[in-house]
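Here's a short tour of some aromatic rings and how they pair up. Take a look at the model first, then read on.

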Amino acid sequence: MPRDDFERVDSSDAAPGSPSDATLVHLARRCPAAFEPLYLRYRDRVLAYCYRRLGDRDEAEDAASAVFVAALRGLHGFRDSTSPSGSFREWLFSIAHNEIAMRWRQRSRHPQQPLDTAAETPDLARSPEEHAILADRQRRLAASLSGLPPRERDVMELRLADLQTDEIARVLGTSEQNVRTAQSRAVARLRLALQGTGVAGSGATDG
């Protein structure tokens, strides 16, 4: 599978004519109510990331809420020096990554249910039939991701959340080359795991 099969367009960029993340951050620092556009811009991706990692809808929603609360509270501490790229998205997913890691540690101490039963987050624009098809694909993808070594899974989950290589490297505290290596190995494993499942060609990883 070519490397760019898991590359995604940077859909976090504001639509033409919409304020940039930097502008919204500036406004939200002055007025917390102005944080809402940033929340709406990233809500679905953060929730999907939490859901894939936790496999429980209620806990994913709770984790996503915690991420945004932490982001709002820490917004005045966010500076370009906090994120070398100056990316709010990168900073936000660093918070999400840490929140998930904390919850996994809690689960390891108090196991209750399997961690890898995630399906897809709901999308009211889809028909029931589309939901069923997507849910099946996402379940198979989640099962395949669960078989990856931890670092490879971390990389792929962040890639699926639309982060770029340099952002993933900073979130995980590693080098871009290590991210590319982990991604290459993960893609090779996933390609083998997904053969014959109908997921590989489903569009679940289309960029």
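## Starting at Y39

Let's begin with Y39: its relative accessibility is 31%, so Y39 counts as partly exposed (buried means under 20% relative accessible area, exposed over 50%, partly exposed in between, with a 1.4 Å probe and protein chains only). F35 is buried, with a relative accessible area of 6%. F68 is buried too, at 6% relative accessibility.

Y39 and F68 make an edge-to-face aromatic pair, with 4.8 Å from centre to centre and 80 degrees between the planes. (Rings of Phe, Tyr and Trp, the last by its six-membered ring, pair if their centres lie within 6.5 Å; planes under 30 degrees apart count as stacked, over 60 as edge-to-face and the rest as tilted.) This pair links distant parts of the chain, as Y39 sits in helix α2 and F68 in helix α3, 29 residues apart. Helices here are DSSP runs (H or I, at least four residues), numbered from the N terminus.

The structure holds 7 aromatic pairs. In one of them, the ring centres of F35 and F68 are 6.5 Å apart and the planes stand at 70 degrees, so this pair is edge-to-face.

Elsewhere, ring pairs join Y42, F78, F88 and W91 into a cluster.

## Where this comes from

This is a predicted model, where local features need pLDDT of at least 70, side-chain atom pairs count only at pLDDT 80 or more, and totals for chains, interfaces and linings use all residues. Residues are numbered from 1 along each chain as its sequence is written, and side-chain values use heavy atoms, leaving out hydrogens and water.

Definitions and conventions. Helix = DSSP H or I, 4+ residues; strand = E, 2+ residues; numbered from the N terminus.
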